[in-house]
Every structure is written in structure tokens, then in C-alpha cells.
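Open the model in your viewer and keep the selection tool at hand.

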Amino acid sequence: MCGRFTLRTPLSTLARQLGLPLSDQVVAYVSTPRYNVAPTQPVAVVWTSEGGLHEITAMRWGLVPPWIDAPRASDRWINARSETVSRRPAFRHAFARRRCLVLADGFYEWRREERGKQPYLFERTDGQPLLLAGIWEPPRDEEPSPRLPGCAILTVAANPLVGQFHDRMPAILDREQMMPWLAPRTPSEQLGDLLAPLPEGLLSARPVSRRVNSVHHDDASLLDPD
């Protein structure tokens, strides 16, 4: 499960790190820094545009399957299990044709402790951005403004660190895996190999403020422990 994350890194820094241009949409709709990104909100993603250009653009977090005629907020899928994404009707066409990478620099999980549910922030130990494997669907006529494609983040079984908090974690790719994931002709077997738990030692976890629990809070103080 991946239900909240951060994107504090400036878009210009991400563009430089990944060697990719920024679309007008991401500049317009994704403001950084973000400390509590939640479902239905615009997010920054790497995708392949209709012209075949790899770029950083904006999408809405939450994918609506094409066979749903009049989608509601509850119809949005924010996560897809990697083990079944190629078979489930809601995801299989997007997995085959429309793959992307959702950009983050941390994600949250919760653990029940003496004082209640305590949020923890997971980050890469090397300071690199998190490239979260995703899939997307085109925007719908019923979409609220801004009309953006909808995306879902793929999940895998948790590694030992994340497993102390939850049995699932986002599928996190390395830089060298970015282009194979986006390439339209990558064999499905190779795609499956990319969807694996991040090895031990590449993530750290630290407690943060319980104010993270509300999507209405989005400021730097969320990263401080209570």
C-alpha cells in the first residue's frame, strides 16, 4: 500500500537529475515542496508523450478504469498489485501500453504504538528520488479541472524494513531501470523482473508528526517528530 508521499525536491532539480524536460502541465499543476501528497491530487510523473518524448508531466493520483462510465471519487484506484496487474481488467491495458514513474522523495507508513498510530517517513539512504512504478489512463470528460491523466502506483511485497509496518510497499525502480520500464516493447517477463522489493539498506525510516494523518496539513513541520 502507498497512500501518502512527499515531493520536496524542486522540479528543476528532478529534471536535472533525470535528464528530462518539464512539461507545461507539471509546471502549472505540481507545486513543490509537498510534504503530504494524497490521492486525487496532481503528481509529477515521468511518461512517454504521444510524440514519443520522455518528459516529466502532471497526472492525477487515482486511475479510473475505462469501463466505468460515470466515475466517482471512490472509483479511483491509487494502487495496483504487481502480481496481478497484467491480468486484472482494470489495469491490464494500462500495464501493457501506458506505464509511467511517479516521482517522490519519501513515502509514509503507519505503525500502531502506545500513543496510537505513528506515521514514519521512508526515504532512500543515498538521497536519490524515488521512482515509483506506475500505470496511467487518459483523462475523462467528467474529470474536474484540471483534466489530467489518472495514475496508479504499483506495489510489491514489503522488504524487511517496510515489513515491520505493512506487508506491501511501492515498487521502486533505479535510474537504469527507468527506460526499460517506459519502453513500449519491453517483454512482460522483463517488466515483471523490475517489480521487486527494494533491497535492504537502500531505505531508512524515521518517525514524523501525527499531523500527517490529515490531508489538510502540508508543511515542513510534518517531518518533525511529535
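Colour the protein chain by secondary structure: there are five helices and 13 strands. The model is predicted, so local features need pLDDT of at least 70 and side-chain atom pairs count only at pLDDT 80 or more, while totals for chains, interfaces and linings use all residues. Residues are numbered from 1 along each chain as its sequence is written, and side-chain values use heavy atoms, with hydrogens and water left out.

**Whole chain**

Select all C-alpha atoms. Along the principal axes they fill a box of roughly 50 × 35 × 35 Å. The radius of gyration of the protein chain is 17 Å, which agrees with the value near 17 Å for a compact globule of 226 residues; the radius is taken over C-alpha atoms, and the globule rule is 2.2 Å times the number of residues to the power 0.38.

Switch to a surface. The protein chain exposes about 10400 Å², of which carbon and sulfur atoms supply 51% (Shrake-Rupley method, 1.4 Å probe). Of the 226 residues, 53% are buried, that is, under 20% relative accessible area; exposed means over 50%, and partly exposed lies in between.

**The five-strand sheet**

Next, select the strands of the open sheet with the order E2-E1-E7-E8-E13, which pair in the antiparallel sense. Two strands pair if DSSP finds at least two bridges between them. At the edges are strand E2 (34-37) and strand E13 (203-207), each pairing on one side only. Neighbouring strands of this sheet are turned by 30° against each other on average, direction ignored (axes are lines fitted to C-alpha atoms).

Zoom in on strand E1 (residues 5-7) and strand E7 (residues 106-113), an antiparallel pair with two bridges. Here Phe 5 stands opposite Phe 107 in E7.

**Arg 175**

Now select Arg 175, in the loop between strand E12 (172-173) and helix H4 (178-182). Is Arg 175 buried or partly exposed? Arg 175 is partly exposed, at a relative accessible area of 40%.

Show its surroundings. Apart from neighbours within four places in sequence, Arg 175 is in contact (heavy atoms within 4.5 Å) with Gln 17, Leu 18 and Leu 131. A polar atom of the Arg 175 side chain lies 2.6 Å from the backbone oxygen of Gln 17.

Note on methods:
Helix = DSSP H or I, 4+ residues; strand = E, 2+ residues; numbered from the N terminus. Buried < 20%, exposed > 50% of the residue type's maximum accessible area, 1.4 Å probe, protein only. Polar contact = N/O pair within 3.5 Å; in protein donor to acceptor, adjacent residues only side chain to side chain. Axes fitted to C-alpha atoms, helices over the stretch in contact; angles between N-to-C directions.
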